[in-house]
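Q: Here is a protein model, and I would like to learn how to read it. Can we go through it feature by feature?

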Amino acid sequence: MVSSSIKDLKRLLCLHHITNIILAVSYVVTKTMQPFCTFLHPASGCELDFRDSEILTFLAIILVFKTRKQGATSMVPYISSACMYSKIANILLFFYADPRMGVIYILLCLLHLLLLPEPTYQGPDNIVYFHGPLLEEEFQQDKHVTWIITFYAAWNPSCVSFAPIFAELSAKYSLSNLKFGKLDVTRYPEIATRYCISTSAFSKQLPTVIIFKNGKEVCRRPTYDHNGKLIKFFFSEENILSGLDLNNLYQEHKNNPPKKKKNEKQQSIEENHLKSE
């Protein structure tokens, strides 16, 4: 837990997240702190009025509801989500105060989005990115390999949050007979349909992680209960390790490595030797 918090803090200490937080709290700061409030809101007396409090209270309710619904398991996705909704509220508040400030604030948010996009995972990984039918072809090519595949969508916040976790796990647990892969279901919806994964904007199945042994599905998260209802699953590292029994899966495959195939030259020499005898 401590190491996870340290990782989150390191990820937050970048220009994107710092400026994002500044933009998120900008209205409250400019409305309540000197000298900003005197210069930008001379009539308010450096305090929040009833309309401000009403909008900010509504924002807090939305944040609590969205966090519980999405199940943010780390600091970074929670703060990113909170900043997004806070900036939407700030647009309304700045426009109510002065339309000119609202326009300037929107321009600042656009500049932040274009010039300082959210940093992607830069660490090691061992992931194969599949393209449509190549997934089944790979299963047929070597049935001794167990695959752990993440079906994801680039636009989905939960998939974005899970990406660095899956990358780190792939670097740590990959073996010659235990491999990690990803497939973008928005590019290959027919694959999503084949594995019963909804790709709608309201889908609760993104991401979906499936383990394939001998080309057949043996485990997936999230899964369904006996009534056919989707069981909520939070994609943290701890939940993936326990939900997929990844440590035992790794040891099982490490203790049973695939037999090395003899190369053609060695096989030919052995065949000639047997014939001479």
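A: Start with the salt bridge: a side-chain nitrogen of Lys or Arg within 4 Å of a carboxyl oxygen of Asp or Glu. Aspartate 98 forms one with arginine 100, and their closest N and O atoms are 2.9 Å apart. The model is predicted, so to speak of local features a pLDDT of at least 70 is needed, side-chain atom pairs count only at pLDDT 80 or more, and totals for chains, interfaces and linings use all residues. Residues are numbered from 1 along each chain as its sequence is written, and side-chain values use heavy atoms, with hydrogens and water left out.

Q: Are aspartate 98 and arginine 100 buried or exposed?

A: Buried means under 20% relative accessible area, exposed means over 50%, and partly exposed lies in between (1.4 Å probe, protein chains only). Aspartate 98 has 17%, so this residue is buried. Arginine 100 has 62%, so that one is exposed.

Q: How many salt bridges does the structure hold?

A: It holds 5. One of them joins aspartate 49 to lysine 31, with the closest N and O atoms 3.9 Å apart. This pair links distant parts of the chain, 18 residues apart. Lysine 31 sits in helix H3 (residues 26-32), while aspartate 49 sits in the loop between helix H4 (36-40) and helix H5 (50-70). Helices (H or I, at least four residues) and strands (E, at least two) are DSSP runs, numbered from the N terminus. Lysine 31 is buried at 4% relative accessibility, whereas aspartate 49 is partly exposed at 33%. Lys31, Asp49 and Asp52 are linked in a network of salt bridges.

Q: What does the salt bridge of lysine 213 and glutamate 252 tie together?

A: Their side chains meet at 3.6 Å, N to O. Lysine 213 lies in strand S4 and glutamate 252 in helix H12, so the pair ties together parts that are 39 residues apart in sequence. Lysine 213 is partly exposed at 27% relative accessibility. Glutamate 252 is also partly exposed, at 40%.

Q: Next, disulfides. Which cysteines does a disulfide join?

A: A disulfide is a covalent bond between the sulfur atoms of two cysteines. The test here is a pair of cysteine sulfur atoms within 2.5 Å. A search of the whole structure finds 1. The disulfide joins cysteine 37 to cysteine 46, with S to S at 1.8 Å. The torsion about their S-S bond is about 70°, so the disulfide is right-handed. Cysteine 37 is buried, at 0% relative accessible area. Cysteine 46 is partly exposed, at 23%.

Q: Are cysteine 109 and cysteine 219 buried or exposed?

A: Cysteine 109 is buried, with a relative accessible area of 14%. Cysteine 219 counts as buried too, at 18%.

Q: How do I read a nonpolar core, and which residues touch the most other members of the largest one?

A: A nonpolar core is a set of buried Ala, Val, Leu, Ile, Met, Phe, Trp, Tyr and Cys residues joined through side-chain atoms within 4.5 Å. The largest has 21 residues, and Ile148, Leu169 and Ile240 touch the most other members. Two or more residues each come from helix H9 (157-173), strand S3 (178-184), strand S4 (208-213), helix H11 (237-243) and helix H12 (246-255). H9 gives the largest share, 6 residues. Apart from this core lies another, of 20 residues, among them Phe130, Val145, Ala153 and Tyr195.

Q: Which residues does isoleucine 240 touch?

A: Contact means heavy atoms within 4.5 Å. Not counting residues up to four places away in sequence, isoleucine 240 touches Phe162, Leu169, Val209, Phe233, Phe235 and Asp245.

Q: Where is serine 198 found?

A: Serine 198 is in the loop between helix H10 (189-194) and S4. At 30% relative accessibility, serine 198 counts as partly exposed. Leaving aside neighbours within four places in sequence, serine 198 is in contact with Ser203, Gln205 and Leu206. Serine 198 and valine 185 are 13 residues apart in sequence and 9.0 Å apart in space, C-alpha to C-alpha.
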